[in-house]
Amino acid sequence: MLIFASVIAAVFVWWLSTGTLLLVVRRADRKGGDAHAMAVLIGLPFLALGIAAVVLSLQQQDLMSVYLGFLGALAVWGWAELAFLTGIIAGPVRQDCPDDLDPQTRFGRAFGTVVYHEMLLLVGLLGLVVVSSGAANRMALATYMILFLARISAKLNLFFGVPRINTEFVPDQLHHLKTYFRKGPVTIAFPIAITVLTALLAVCVERLVAAETVVTQTGFALLTALSALALLEHWLMVVPLPDAKLWRWMLPAPKPITTKDENHGF
């Protein structure tokens, strides 16, 4: 029962945090002006709370510390995602992707659209590695690492190509990213990603089954749920399911965009 509750909690937090980020960014899009920068500034207390939760969780091995590490890592990650989705920390390339680029140049431009954000995420990961060294509770690090792996894998698949790409929630500030997505047949990047994420899920499930204490069971239940969600998000790049409906109902209508939407390939 406790394991089931932990899985439900992880799924709910994932759904709610994703919806909240989309809601904040869409409202900033509608307001315009300095609304995007203000959203990131207003989010700083949540970043501070996340860092505090991570620090408090490191040296304790109880249920509260497991949840603190999990939620703290999500808060840190969520602020970084907010900074990206608002366009405040993204990359120097803000133009649409030209049609006639060779693969290497296209990759360089695509990376230039997100390089600052990737550096921010990497700094967060390295910071967690340092503070978690020798810690009794590494829940925050494990949570962040799963998110980091899934993020890099998803971006590479968008670059190389997948059949389904949901651009409905791409913010105004990042509208140019749509021209870097490649919609088409899967490439070798997809089975590699699926294999890695499936193996990660299998390891989490194995550790969950072998866990002997409630604390360990709870931790691996949360990580199992997060790994399963990462795997599901990748399969939704291929399987035609209306996943956007999970959040569309809670968001205000997007501001009309008059520019032509073109897909040149991420």
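These notebook entries follow a nonpolar surface patch, a pocket and one cysteine.

I worked on a predicted model, in which local features need pLDDT of at least 70 and side-chain atom pairs count only at pLDDT 80 or more, while totals for chains, interfaces and linings use all residues. Residues are numbered from 1 along each chain as its sequence is written, and side-chain values use heavy atoms, with hydrogens and water left out.

**Patch.** I looked up the nonpolar surface patch of about 410 Å², which F107, F111, I152, L156 and F160 make. For such a patch, residues need over 30% relative accessible area and no salt bridge, and nonpolar side chains are joined within 5 Å; a salt bridge is a side-chain nitrogen of Lys or Arg within 4 Å of a carboxyl oxygen of Asp or Glu. I noted that α5 (103–112) and α7 (139–160) each give two or more residues, and that α7 has the largest share, three.

**Pocket.** I then turned to the second largest pocket, which holds about 550 Å³ of space (an open set of points on a 1 Å grid where a 1.4 Å probe fits, with protein on both sides within 12 Å along at least five of seven lines; lining residues have an atom within 4 Å of a point). Its lining has 21 residues, with R138, M139, A142, F220 and L223 nearest the centre, and it divides into 13 nonpolar, six polar and two charged residues.

**C97.** I found C97 in the loop between α4 (63–85) and α5, and at a relative accessible area of 2% C97 is buried (under 20%, 1.4 Å probe, protein chains only). The C-alpha atoms of C97 and F181 are separated by 9.4 Å, although these residues are 84 residues apart along the chain.

Note on methods
Patch = residues over 30% accessible without salt bridge, like charges linked within 9 Å, V, L, I, M, F, W, Y side chains within 5 Å. Areas by Shrake-Rupley, 256 points an atom, 1.4 Å probe, with all protein chains shown as cover. Helix = DSSP H or I, 4+ residues; strand = E, 2+ residues; numbered from the N terminus. Points joined across faces, edges and corners; volume = space filled by probe spheres on them. Nonpolar A, V, L, I, M, F, W, Y, C, P; charged D, E, K, R; others polar. Buried < 20%, exposed > 50% of the residue type's maximum accessible area, 1.4 Å probe, protein only.
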